[in-house]
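Q: I'm new to protein structures and I'd like to learn how to read how the pieces pack together. Can we walk through one?

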Amino acid sequence: LKWRFLCSSVLQFLTAMNALKNNEVKVAAIAGSLVAGLALLWLLNRRRRSWVDRASTEDVCKMLDTLLEDITEVKRRNRAMVKELAKSGVKFEEVLFKVQVASPPEILNQLISKFGDQPDVSQRIQRLAHPALAPQTRDIAVDKLVEVHQDMAAWIEEATDTLSRMPASDLQRATNSSKDAARVLSAISEYLFFRVEQKYGYSEDDVTASVFTHSGALRRMEEFNGLQQKMHDEMSRVTALVC
């Protein structure tokens with residue numbers, strides 16, 4: 001998982017450093033801002049660490065349950081948005097500028113490092129990676145999974161080509177000028193699985209569950225491994241374009 005973390009104190013620090021370079025007259029005032037910003041950053045980090053130190057497994061499970069609810073709700077809204085766009089012919093560019101991204105708490109990585117080996121926590125982390133929107137899924141045969149992934153690889157390449165042709169100003173608008181790939185990757189995911197459902201009738205949950213169920217057979221298939229590598233390469237290309 002790739003999440004975007006942003007700390008206002010760091011921004012204050014960088015802003016002050018830039019001002020210091022450009023205007024030496026304001027050294028005293030800027031230095032005060034630097035000290036205040038760094039002090040705030042230290043205090044916030046200390047509080048985060050202390051909460052992680054005090055947190056119990058139950059506390060972490062509750063937080064992950066809440067986060068899963070938030071992510072699932074965002075996915076529902078995104079799915080509804082794409083279906084609405086589809087009424088007039090959905091385009092990747094439209095999905096890109098309207099998709100929503102859930103923001104996890106900044107201490108998530110620390111919690112995973114400390115509690116990730118506990119079964120209750122690890123199960124929740126797995127659900128965060130693939131939040132299910134449907135209570136039941138359909139099993140997809142191995143040969144059909146390969147066919148689906150052939151199309152997915154082609155659609156990812158199309159989306160990446162679209163990104164590569166976009167003006168820099170549009171890419172900045174798509175990522176809120178943060179140079180973070182999370183929003184773009186989320187848009188690609190929503191676009192891909194909409195295309196899958198539109199063509200095959202399979203949901204994202206169907207595909208994800210079936211890949212897990214048939215993982216042993218799929219790993220032994222050279223064609224499927226090649227498709228997975230192609231999709232990975234295209235995602236790396238997306239990250240390079242955005243970041």
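Predicted model: local features only at pLDDT ≥ 70, side-chain atom pairs only at ≥ 80, totals over all residues.

Q: How far apart are Tyr200 and Val148 in sequence and in space?

A: Along the sequence they are 52 residues apart, while from C-alpha to C-alpha the gap is 8.0 Å. Tyr200 itself is found in helix α9.

Q: Is Tyr200 buried or exposed?

A: Here you look at relative accessible area, where buried means under 20%. Tyr200 has 16%, so Tyr200 is buried.

Q: How do I read a pair of aromatic rings?

A: A pair of aromatic rings is described by the distance of the centres and the angle of the planes. Take Tyr200 and Tyr202: their ring centres are 6.2 Å apart and their planes are at 5 degrees, so this pair is stacked.

Q: How many aromatic pairs does the count come to?

A: Two aromatic pairs. Phe92 sits in helix α4 (residues 92-98) and Tyr191 in helix α9 (residues 182-200), so the pair ties together parts that are 99 residues apart in sequence. Phe92 has 3% relative accessibility and so counts as buried. Tyr191, at 8%, counts as buried too.

Q: What about whole helices? How do I describe two that pack?

A: Two packed helices are described by the angle between their axes and the distance between the axes. For α7 and α9, the angle is about 135 degrees and the axes are 10 Å apart. That makes α7 oblique to α9. The crossing of α7 past α9 is right-handed.

Q: Which residues of α7 and α9 meet?

A: From α7 there are Lys144, Glu147, Val148, Asp151, Met152, Trp155, Ile156, Glu158, Ala159 and Leu163, and from α9 there are Val184, Ile188, Leu192, Phe193, Arg195, Val196, Lys199 and Tyr200. Sorted by class, the contact of α7 with α9 has 12 nonpolar, no polar and six charged residues.

Q: At what angle do α7 and α12 pack?

A: Helix α7 (residues 142-165) and helix α12 (residues 222-242) pack at about 20 degrees, with axes 9 Å apart. An angle under 35 degrees counts as roughly parallel, and α7 and α12 are therefore roughly parallel to each other. Their crossing is left-handed. Among the residues making the contact are Val146, His149 and Gln150 of α7, along with Glu223, Phe224 and Leu227 of α12. By class, this contact has 11 nonpolar, five polar and six charged residues.

Q: What does Val142 touch?

A: Not counting residues up to four places away in sequence, Val142 touches His214, Ala217, Leu218 and Met221. Val142 is found in helix α7. With a relative accessibility of 22%, Val142 counts as partly exposed. The C-alpha atoms of Val142 and His214 are separated by 6.8 Å, although the two residues are 72 residues apart along the chain.

Q: One more: which residues of helix α10 are buried?

A: In α10 (residues 204-213), the buried ones are Glu204, Asp205, Asp206, Val207 and Ser210. What covers them includes α3 (57-86), α7 and α9.

Definitions and conventions
Residues numbered from 1 in each chain as written. Heavy atoms only, no water. Axes fitted to C-alpha atoms, helices over the stretch in contact; angles between N-to-C directions. Helix = DSSP H or I, 4+ residues; strand = E, 2+ residues; numbered from the N terminus. Parallel < 35°, antiparallel > 145°, perpendicular 65-115°, else oblique. Left-handed = near helix turned anticlockwise from the far one by under 90°. Contact = heavy atoms within 4.5 Å. Nonpolar A, V, L, I, M, F, W, Y, C, P; charged D, E, K, R; others polar. Phe/Tyr/Trp six-rings, centres within 6.5 Å; stacked < 30°, edge-to-face > 60°. Buried < 20%, exposed > 50% of the residue type's maximum accessible area, 1.4 Å probe, protein only.
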